[in-house]
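Here is a briefing on a structure. Please look over the sequence and the model first.

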Amino acid sequence: MTPDIRRDPPAPLEPVPFDISRPIEETLENGLRVIIFENDRLPLVSFRLAFNLGDINDPADFTGLTSAMASMLTEGTQEYSSRQLAEKIERLGASISASASDDFTVIAASSLSLYSSEILHLLSEIVLTPTFPEEELDLYRRNTVENLKFQRSQPGFLAGEQAARLVYGNHPYSKASPRPEDIEKLDRETLVKYHAKNLVPNNAIFIVVGDVDRNELIEEMNHLFGDWQPREASVENFQEPPRRDSRTLTLVDRPGSAQSNIVLTNLCIKRTDPDYFPLIVMNQVLGAGASSRVFMNLREEKGYTYGAYTRLGTKRLAGDFEATAEVRTAVTGESLKEFFFELDRIRDETVGDEELRDAKAFLTGVFPLRAETQEGLTNLIVNQHLFGLPEDYLQTYRENVEAVTARDVKRVANLHIRPEEMAVVIVGDAGEVLPQARPFADSVEIYDTEGNMQDETKYVVGDDAETADVAGKWSLNIDFQGQRLPVTMSLEQNGSEVTGELETMLGNGQIADGRVTGSKLVATAQAEMQGSSIEFAISGKADGDEMTGTITAPIVPDPLSFSGSRQT
Amino acid sequence: MSDSFKLPPLELEEYTVENGLRVVLNADMAIPVVSVAVYYNVGSRNEREGRTGFAHLFEHMMFQGSENVPKAGHFQHIMKCGGTMNGTTSSERTNYYETLPASQLPMALWLESDRMRSLAVTQENLDNQREAVKEEKRLRYDNQPYGQIFDLINEMIYKNFANAHSTIGSMEHLDDATIDDVQEFFRIYYAPNNAVLVLSGAFDPEVAKKLIETYFGDIPSQPLPPDLDVSEPPEVASNYREWDDKLAPFPAFLIGWKIPPRRSPEFHALYLAGKILYDGESSRLYQKLMKGDESVIQLFGFTDERRGPSSIFVGAIPKPEKDLSQIREAIMNEIRDLAAHGPTSEEMEKIENQIVNDAVRMRQSSMSRAQQIAEYALYDGDPNIVNSELYDLLAVTADQIRHAAGVYLNTENRALLDVVPAGKG
């Protein structure tokens, strides 16, 4: 073989068509829709009983009820205790799980097709006769309250909570999670009533994928679910998400944070919107993956972050667009600048042929990979039916992606990405972030991690504040668990830019991108310590020759305070 | 159910290219996706003293470009056609694999052959990958709570250097690596006759064979690597060690036993004993420690399969204020019970169903099929074991499990690593 054949990437072979056959649909007398997708490739079966009932349907005074009801379904039935259920399911080598999302409640089961009847029987037990035992409910309350508290220590959760509130307003999609007091007041009777009222056959679809005989299955379904009575479903009456007319900045203050968790968001489309395909192609170009524009810019070129992405959250009734990254505190402003640059660029410029081709090749290429396992295929089918997508949705997915043009991309970017009305949410050290981020928004509000609004003025450095002179050699003591650890910080200053060195007993670090605003210093030091590379985030306030502040390292959970003076 | 259940066999075609590259084709047209796996017969067990971490360093080098693929080009090419890819290193082998839309088979073969033939082993690539590996060591081992315990316990179980040392290696040895060392390593171990190539998924075998000949056919073979001695005495190297872990928030412990090689009847029995002890919410130790006594936060166990002497582990993170020695006693009690009375018939039914279920699920994805076929082809010289292994496992009796638990687990010949949180004064 000559080297020439090896020089360039080879052309693909003829595309292999991906024929997903159409399922069979039947409706039981009680209104339960059964969708059967016979597939005898392997002796496996997957069941999904899905309800048009999600967290958004929680009663106004019982946030978290739908999720609690779903989680508790597998914790005891009329015939079996929680432990007996676990043993019965595992003895079949099978699995059953139940959970709720924003829009839906789904009970999922899978097993060898040999045990199809047994697992279907257990599934019917779980759905029709759950008992919500007191002691299991008690455990659920304890664990969930612990988790909710833990969540508030996670910057990603705090950012998501604010973003949902800002985009969705009084629409229930705005509730990212219940509060501990919501969970503590959950009682057995409420769960029993909610279950009886809402898990009804006429509000559900039952999807079966795998090696089954449809006639036998329908017979079994009639036997197990035939007595399940329909009931009128509740009427949804939600407020519209708000119209936004300006760009706002929302800070969640986590003093001493080494990183800023950034979310830029605006209201976007619901899952069934006709712009869905152009938008996913646009999003692939812009930020969905590790070769998309925002990743290449903020991570590969600038090195601000480990990852930067954009995301479409398309739900049943509405949706949102988000651009997100966790960046070093000192480059928060620069990161916003690059994000807005990319958001403007995809709106203003027509995407190039090669970039468009790569984005479409990725989306069409990855599609069959998702359908390789029965679980993957089942998820595609379940989503199609829950969202009410066209019958030929899976069969035409790849054609629909291929049909998107560069003009379409530009059109939907202009329609659905709206930088002038975005909510900018940043979780980080508000004192450090505010001066960097303020110029990017028309208004600002600041919260603590519990969601209480804070007074903005306590973070503001006056416009007339002079940039402090921090150049020189500082002798500082870090307070570490009652001990005072000496460090020396040598700084050079050029306007507001600061560089220098941090010397500690354990090793030295280089400061490359420090900045002084008023009397405040923000810097990062890269240090080599005992053979490890560690990044210190320094946040100080200079008062003449005295300095106080905090220092944060990834290996220490909380910021350490320091104080000291300039050597003269 | 074990008597009646028959899994349709995977269809395999195996042959050897003239240069010694062993090929296994598993055509399965169900989904238009193809996976390609290349397994090189080199792992940390092949490393010499003073040169630990080389096999893994080399895995990184394989993504640094070759004659016709630029640095990072591998990832970009795969990504752009909607594929996925990775590479991993163990004691036994180094593997590389990708899953792509079926039409992109030539892309996978082009990429794999270009680096097998002409990897860019340059000083610059070596320097920057050495730094990347050090960073990975810091991130995944040194700066993680409990990050080093599996490397430590291997040193306690095994006496033979080939088995005992870690895959990530030592910083000093990585620093000592010269460009000549690395070139030599590539020549010896990354030869076509030291590798197995497996294709699984939607392809025409005749087209695949032509492509394989085109891309791999003229890569020169090399003299085979030197023979390797991985033999071990039965006793563990050390029974007890206390480890100060600066990052661990809670005490923890890990118990390890030295057991016979993978696929031996004893290993099969111990693998199933492990499932009975620690696998799933109805397992004995989960019910005893997580539910009954509520004494642990986390419980885990697994077997480490090797061609030579292998190992099995059980570990736990106890709840604060719980007595570690009592928890260990509870574990040994369950093992003693298993060694005395063997599994119950319900437990036998459960593990039979679970291993059948695992075997069927494994066959769904072209990537997991390709990986399993490649292991049997490389380790056993017979890819057809992918079709018979399930029945070997199903043939294991309750009495064999009882016996193996008695000989290999209910013994003082085990290693105990105690993790002491040393971060807070």
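**Briefing**

H10(B) has 14 residues and reaches 20 Å from its first C-alpha to its last, close to the 20 Å expected at 1.5 Å a residue. The expected span is 1.5 Å times one less than the number of residues in the helix. Helices (H or I, at least four residues) and strands (E, at least two) are DSSP runs, numbered from the N terminus. This is a predicted model: local features need pLDDT of at least 70, side-chain atom pairs count only at pLDDT 80 or more, and totals for chains, interfaces and linings use all residues. Residues are numbered from 1 along each chain as its sequence is written, while chains are lettered from A and ligands numbered from 1 in the order in which they are written.

**Helix H10 of chain B**

- Of the 14 residues of H10(B), 12 are buried, so the helix is largely enclosed by the rest of the structure.
- A residue is buried if 20 or more other C-beta atoms lie within 10 Å of its own, exposed if 12 or fewer, and partly exposed in between, with C-beta atoms placed from the backbone.
- The buried residues of H10(B) include Phe267(B), His268(B), Tyr271(B), Gly274(B) and Tyr278(B).
- Lys275(B) sits in helix H10 of chain B.
- Lys275(B) counts as buried because it has 21 C-beta neighbours inside 10 Å.
- Neighbours within four places in sequence aside, Lys275(B) is in contact with Ile351(B) and Gln354(B).
- Contact means that the C-beta atoms of two residues, placed from the backbone, lie within 7 Å.
- Lys275(B) and Met85(B) are 190 residues apart along the chain, and their C-alpha atoms are separated by 30 Å.
- Gly280(B) follows H10(B) and has a positive phi, near 90 degrees.
- Arg263(B) lies in the loop between strand S8 (252-259) and H10 of chain B.
- Arg263(B) is not a glycine, yet its phi is positive, about 70 degrees.
- Arg263(B) has 18 other C-beta atoms within 10 Å and is therefore partly exposed.

**The largest nonpolar core**

- A nonpolar core is a set of buried Ala, Val, Leu, Ile, Met, Phe, Trp, Tyr and Cys residues joined through C-beta atoms within 7 Å.
- The largest nonpolar core has 276 residues, of which Ala50(A), Ile107(A), Leu123(A), Val208(A), Val198(B) and Ala273(B) touch the most other members.
- Helix H10 (residues 265-278) of chain B gives the largest share of this core, 9 residues.
- Beyond its neighbours within four places in sequence, Val198(B) is in contact with Val24(B), Ala37(B), Ala370(B), Ile373(B), Ala374(B) and Ala377(B).

**Chain A overall**

- Chain A has 17 helices and 21 strands.
- Taken along the principal axes, its C-alpha atoms fill a box of roughly 90 × 70 × 50 Å.
- Of the 568 residues in chain A, 44% are buried.
- Among contacts in chain A between residues at least 6 apart in sequence, 69% join residues at least 24 apart.

- Helix H4 (residues 116-128) of chain A has 13 residues, which should span 18 Å at 1.5 Å a residue, and its end C-alpha atoms are 18 Å apart, which agrees.
- Among the buried residues of H4(A) are Ser116(A), Leu123(A), Glu125(A) and Val127(A).
- The buried residues of H4(A) pack against strand S3 (44-51), H3, strand S4 (95-100), strand S5 (105-112) and helix H9 (214-225) of chain A.
- Phe132(A) is placed in the loop between H4 and helix H5 (134-151) of chain A.
- Phi of Phe132(A) is positive, near 50 degrees, in a residue other than glycine.
- Phe132(A) counts as buried because it has 23 C-beta neighbours inside 10 Å.

**Helices H10 and H11 of chain A**

- Two packed helices are described by the angle between their axes and the distance between the axes.
- The axes of helix H10 (residues 276-288) and helix H11 (residues 293-301) of chain A come within 4 Å and cross at roughly 5 degrees.
- Axes are lines fitted to C-alpha atoms, for helices over the stretch in contact, and angles run from 0 to 180 degrees between N-to-C directions.
- H10(A) and H11(A) are therefore roughly parallel to each other.
- Angles under 35 degrees count as roughly parallel, over 145 as roughly antiparallel, 65 to 115 as roughly perpendicular and the rest as oblique.

**Where chain A meets chain B**

- In chain A, 43 residues are in contact with 47 residues of chain B.
- H13(A) supplies the largest share of the side of chain A that touches chain B, 9 residues.
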